[in-house]
Amino acid sequence: LLAGAYAMLTPNLWPRFAAALTQAQGGDGSELRDFVDDLAFQRTPAGDAPFQDVTWATQIADQRYPQRLGPFLESGRHAASLFEHSYFNSGYGEITFGARPVRPQDAFHGPFRHAAGATPALIVGMTHDTWTPYAWARRLQADLGNARLLTVRGDGHDVLTSFNPCATAAMIAYLEETTLPAPGTVCRRAAPFG
């Protein structure tokens with residue numbers, strides 16, 4: 001399951017994942033294990049996973065998590081009803097965060113607004129992102145107030161590293177000259193299959 005979740009991050013990984021599934025169907029799951037170690041845990045040759053440790057510690061410190069099971073189960077059910085591709089990122093997948101031994105004291109929990117006089121924030125949302133639903137990008141735009149949404153129609157979670165010419169040009173124009181794409185701009189990613 002973890003190999004599948006990480007494979008869906010970018011269509012460039014789909015051929016490797018397909019080959020790993022074929023190998024597993026033949027009785028050898030070693031390539032799926034390597035897939036998880038390489039991508040999900042980013043294990044070092046010594047077998048540890050420092051990147052994952054830092055990521056989890058940061059998420060635990062930056063968010064509020066209850067220390068009871070019920071809210072996670074309810075959040076998971078709610079997310080499954082809203083986000084067909086990324087429900088696992090809310091609720092069910094966060095249960096371990098509720099078991100943390102300490103409570104963070106200095107996290108900022110909002111409200112998150114972007115000052116009206118500032119350059120509008122650029123939000124980039126991919127319509128079939130398997131990790132962060134497009135609905136979250138629309139909600140962030142509304143929450144921030146002073147923001148522009150660039151929509152990328154496509155699959156994956158790799159909008160920054162896929163180098164889609166339309167999205168990359170818009171992001172560079174914003175970063176270098178604070179030029180925003182026109183309201184309602186939609187970039188399209190080539191479909192990986194016919």
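The structure is a predicted model, in which local features need pLDDT of at least 70, side-chain atom pairs count only at pLDDT 80 or more, and totals for chains, interfaces and linings use all residues. Residues are numbered from 1 along each chain as its sequence is written, and side-chain values use heavy atoms, with hydrogens and water left out.

Helices (H or I, at least four residues) and strands (E, at least two) are DSSP runs, numbered from the N terminus. In helix α3 (residues 30-40), the residues F35, V36, D37 and A40 are buried, where buried means under 20% relative accessible area, exposed over 50%, and partly exposed in between (1.4 Å probe, protein chains only). The cover over these buried residues of α3 includes α1 (2-7), α2 (14-25) and α4 (50-62).

The largest nonpolar core consists of eleven residues: A3, A5, Y6, A7, L9, L13, F17, F35, V36, A40 and W131. A nonpolar core is a set of buried Ala, Val, Leu, Ile, Met, Phe, Trp, Tyr and Cys residues joined through side-chain atoms within 4.5 Å. Helix α1 gives the most to this core, with four residues. Beyond its neighbours within four places in sequence, A7 is in contact (heavy atoms within 4.5 Å) with L13, W14, F17 and F35. Apart from this core lies another, of ten residues, among them M126, L150, A167 and A170. In soluble globular proteins, nonpolar side chains tend to be buried together.

Q42 lies in the loop between α3 and α4 and has a positive phi of about 45 degrees, although it is not a glycine. Most residues other than glycine have a negative phi. Because its relative accessibility is 36%, Q42 counts as partly exposed.

The buried residues of helix α5 are F72, G76 and A79. Seen down the axis of α5, these fall within an arc of 70 degrees, so they line one face of the helix; the arc is that of the directions from the helix axis to the C-beta atoms.

Strand β1 (residues 121-128) is mostly covered, with six of its eight residues buried. It pairs with strand β2 (residues 147-155) in the parallel sense over seven bridges; two strands pair if DSSP finds at least two bridges between them. Within this pairing, G125 stands opposite T151 in β2.
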